[in-house]
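Subject: Structure for you to look at

Hello,

Please find the structure below, followed by notes on what was found in it. The notes go element by element and can be read next to the viewer.

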Amino acid sequence: MSDADDLRSSIENATRSRRRWPWIAGAAAAVLLVAGIGFAVTRGGTSSSAATSGEPVRGGTLQFALIDYQRSPDPQWGTNYAESLIGNNVTDKLTWQDPDTGEITPWLAESWEYNDALTEFTFRLRKDVTFSDGTPFDSAAVKANYDQYVRGDEKLGISPNGATLLPGYIETRTPDPYTAVVRFEKPLASFLQASSFTANAQPGFLALSTLKLNAEQRTDPTKVIGTGPFVYESWESQVKTVLVKRKGYNWAPPALKHPGEAYLDKIVFNTIPEASVRTGSLESGTIDATLDVGTTDEAPLEAKGYEIIHRGVSGTAILFNFNTQLFPTDDLAVRKAIQRGWDRSAVEKTVLTDSYKIATSVIAPSVQGYADYSGSVLKYDPDAARKLLDDAGWAPGPDGIRVKDGKKLTVKLLGISNLVVNKPAYESVQQDLKKIGVDLQLTVVPIPDYAANVAKAKTDWNVTAANRSRNDAAVLNLQYNPELGNSNFLTADSTGIDVPELTAALGKLETTLDPARRKEFAKAAQDLVVDKYALVNPVYDPAQVIAHAGYVHGILFDAQSRNHFVNTWKNDGK
Amino acid sequence: MPRYIALKLGRAVFVVWAAFTVAFVLLFVLPADPVDLLFDPAELNSVPPEVKEQMAANYGFNEPVIVQYLDRLGHALILDFGNSVQSGQPVLRAVVDVLPSTLVLAAAALVLAVLIAFGVALAATSTRRVWLRNLIEALPSGAVSVPVFLSGILMLQVFSFRLGWFPSFGDGGFRSLVLPLITLAIPVSGPIAQLLVRNFTTELHSGYVTTSWAKGSTRAGIVIRDVFRNASLPALTIAGITFGNLIAGSVITETVFARKGIGRLTQTAINTLDVPLVAGIVVLVAATFALINLIVDLIYPVLDPRLRATLAAGGSR
């Protein structure tokens, strides 16, 4: 932030006081003012009306607050929560992933089949779906959307937003208006989940008239047309996005059992960057619900009668990806010692709230195929960690940090400060590792600095710490396959790691949609990544947390922990 | 006189060009790649290189830096800054969309700041009690010492959350302007007040004041008729600095009160390395800055006869 800059420049620009005591008096006056106001603030308290549920009520406006704003109303473009969340309420997807079971269920596609090679997926579309401009949703719309989503359009200035989600996309065939056949170069089992994807840069369907617009024209929200339960009324960058109910909507995912239109008439997504202003606005009744609730705000809000709802983000945990090319994380013993060398319960007690969980595998428990390692390699055991290092020849040095061949056991970590929990959690790990003689050095920075440093991660950083939301075990393949994400910078001659074995094990995740076999493959992949080669140190499972007034009901977290408001209603009469 | 004007005008143009160039260089010296920032940071390692190349080509980032610089400079001359990388919106429209909000806020804050500053200076000069005078003189230091984000949040806590007098966020009408305006005016008033207090003190001891005393003027009469006019002139000199303070303060004020505005736009543009947007904002702000200084430079000779005489003498040589 530039708070400090501003303050500094104000002071520098001010003419210097000649006497000292006016300064002291000024400071004293400021302190008194702050203390006085602080006292006034902390006295008394408000409470929200008690929850009275019952039959859903139609109508009303939901005032919703969140930290981010949509940079463009185009839902296929975007990397923040505001963008994916609003996109989910304006557009629909082919399929709906059940957030509890992970099962892929019908939505705009009534049914589907795929070939044995998993390179061709045939979707039978619903016939009653229309875009909000009245044009039909059909296989031509699927084709036009997927083509542009994966390839972009240079003339229109549209980026290939979906290229990473749908690797190896060849084409969409349209044998008849309500059958779409999506084809890939290589087996892509995860495409079925991708067809339901609701997180960043999502494949939500836009009308043909919208696809013809360039990036600039798409900043007119009334021209961004989807099939979703809400349509754009207005979009004001930095300030708010307003959605109104789509008249005649009747195709919510069958799994939601929601017939007909959305309950709410209108949703206002207010951008409020300051945490205290979000919670204050909730308490004063200006807004009905807020996302991005800080960890320290959860308990006070709950005590005042607000409801806290949360869901862990499905995908990988917040984790340390080890660089296997760089000293000292090229040593398996070091990686294993780090996994075992920090106290999970300390992080749980001092940093996390009930909404967040300590990671027990590389993927979150909500992802199908998750296996639990909390009783084995991810269990705090400082003695075992010390023994691992002793046996590998790391001897304690004069300052307590271990040394081998004259080189210190210093591990450099690059992390992102976007989630408030990250830094304190890493610091807790750092303290524990010091006790076993590992010097973990933290560089936890905002996204632009992180992105800049990731480019040099191969040569400069032992650990990159991040997470990726994708509710499918194939996220492991995407992140760790040496031929794809290669988060550990593996090469053919990486010592102690059978790279072909790992590549094959991860690649198998894309070759079957049979639940039992996928589970087996996911377990095998986790065994290699977490246990055998210790390529990651999972830290905690991030969560999305909403606080809302008692009169708000039915805010839904989907499989990617984004919110859908088709089911949401409120009974405060406003 | 024409030479004086030409000199000042040339300097203003140079400042704008230099600001554009420095901003451009800084953005390219920064290690981050603007294209990387268009992706989810966690996905960066799995974005295919050809996709990145396509994105770079989309925005012209694949050209040599010097070509990009000349191209952007050429277009900037005709006020075409291109489209924002992050939103696709034309830069000029993005700026024009938010500019009125900032202008209203800054102008109102400036008026209030000046009123506060004169109030403080008059009060400090009028009182004869030393302890009271010292206390009042300490206020400007206090004003600049309170961080804007802190005073903003405190004000919200009291007047919005607790008393409910004013809305806590957004910019809908006059009532939503009150709190941000006060928040921004306080630190801006500090330097002006300090300057005025000192000038009032100096002028109060000058010869013409003694003359007025001798003629039997009252203290109030002297302060308002004689001192006020002569002491306020130097306040014009720091108009540029005041403008800078307003812009800097607006970044935080706009963030705390969730208002749209040029401050927040700048912050986001820099955080996301939105090169065209940053270049556009820098040029517009630098141009305003240079324009204010130019106007001050030009009206100074009009207001101060001594300077006029010097210029006339210099011009005749």
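**B:Gly240 and its surroundings**

B:Gly240 counts as partly exposed, because 17 C-beta neighbours lie inside 10 Å. Please keep in mind that this is a predicted model. B:Gly240 belongs to helix 10 of chain B, which covers residues 239-256. Apart from neighbours within four places in sequence, the residues in contact with B:Gly240 are B:Phe289, B:Ile292 and B:Asn293. B:Leu294 is 54 residues away from B:Gly240 along the chain, and the C-alpha atoms of the two are separated by 9.7 Å.

B:Gly74 is another glycine in a helix, here helix 3 of chain B (residues 65-77). Is B:Gly74 buried or exposed? B:Gly74 counts as exposed, because it has 10 C-beta neighbours inside 10 Å, and the cut-off for exposed is 12 or fewer.

**Chain B as a whole**

How many helices and strands are there in chain B? The chain has 13 helices and zero strands. The C-alpha trace of chain B spans about 85 × 65 × 30 Å along its principal axes. Of the 317 residues in chain B, 45% are buried. When contacts in chain B between residues at least 6 apart in sequence are taken, 73% of them join residues at least 24 apart.

An unreviewed UniProt entry annotates residues 12-30, 103-124, 144-165, 177-197, 235-257 and 277-300 of chain B as "transmembrane region". Two of these spans can be described in the model. Residues 277-300 of chain B are 100% helix and 0% strand, with 34 Å between the end C-alpha atoms.

**A four-stranded sheet in chain A**

Chain A contains an open sheet of four strands in the order 4-5-7-6, with antiparallel pairing. Which strands stand at the edges? They are strand 4 (109-114) and strand 6 (169-176) of chain A; each has a single partner strand, so one side of each is left without a neighbour in the sheet. On average, and with direction ignored, neighbouring strands of this sheet are turned by 20 degrees against each other.

Strand 6 of chain A pairs with strand 7 of chain A (residues 179-184) in the antiparallel sense, over five bridges. These two strands form a hairpin, with two residues between them. A:Asp176 stands opposite A:Thr179 of strand 7, and A:Glu171 has A:Arg183 in strand 7 as its bridge partner.

Helix 4 of chain A (residues 139-151) lies across strand 5 (120-125), strand 6 and strand 7 of chain A. The helix runs at about 170 degrees to strand 6 of chain A.

**Helix 11 of chain A**

Helix 11 of chain A spans residues 382-391, and A:Ala385, A:Leu388 and A:Leu389 in it are buried. Seen down the helix axis, the buried residues of helix 11 fall within an arc of 95 degrees, so they line one face of the helix. The exposed residues A:Asp383 and A:Asp391 are on the face turned away from that buried side. Helix 9 (332-340) and strand 16 (402-404) of chain A are among the elements that cover the buried residues of helix 11. After helix 11 comes A:Gly393, which has a positive phi, near 90 degrees.

**Where the two chains meet**

The contact takes 73 residues from chain A and 74 residues from chain B. On the chain A side, at least two residues each come from helix 1 (3-13), helix 2 (21-42), strand 10 (266-271), helix 7 (275-283), helix 13 (447-454) and helix 15 (475-480). Which element gives the most to the side of chain A that touches chain B? Helix 2 of chain A does, with twelve residues. Sorted by class, the side of chain A that touches chain B has 33 nonpolar, 29 polar and eleven charged residues.

Regards

Key:
Residues are numbered from 1 along each chain as its sequence is written. Chains are lettered from A and ligands numbered from 1 in the order in which they are written. This is a predicted model: local features need pLDDT of at least 70, side-chain atom pairs count only at pLDDT 80 or more; totals for chains, interfaces and linings use all residues. A residue is buried if 20 or more other C-beta atoms lie within 10 Å of its own, exposed if 12 or fewer, and partly exposed in between; C-beta atoms are placed from the backbone. Two strands pair if DSSP finds at least two bridges between them. Axes are lines fitted to C-alpha atoms, for helices over the stretch in contact, and angles run from 0 to 180 degrees between N-to-C directions. Two residues are in contact if their C-beta atoms, placed from the backbone, lie within 7 Å. UniProt positions are given in the numbering used here, feature names are shortened, and annotations may be inferred rather than shown by experiment. The arc is that of the directions from the helix axis to the C-beta atoms. Ala, Val, Leu, Ile, Met, Phe, Trp, Tyr, Cys and Pro count as nonpolar, Asp, Glu, Lys and Arg as charged, and the others, Gly among them, as polar.
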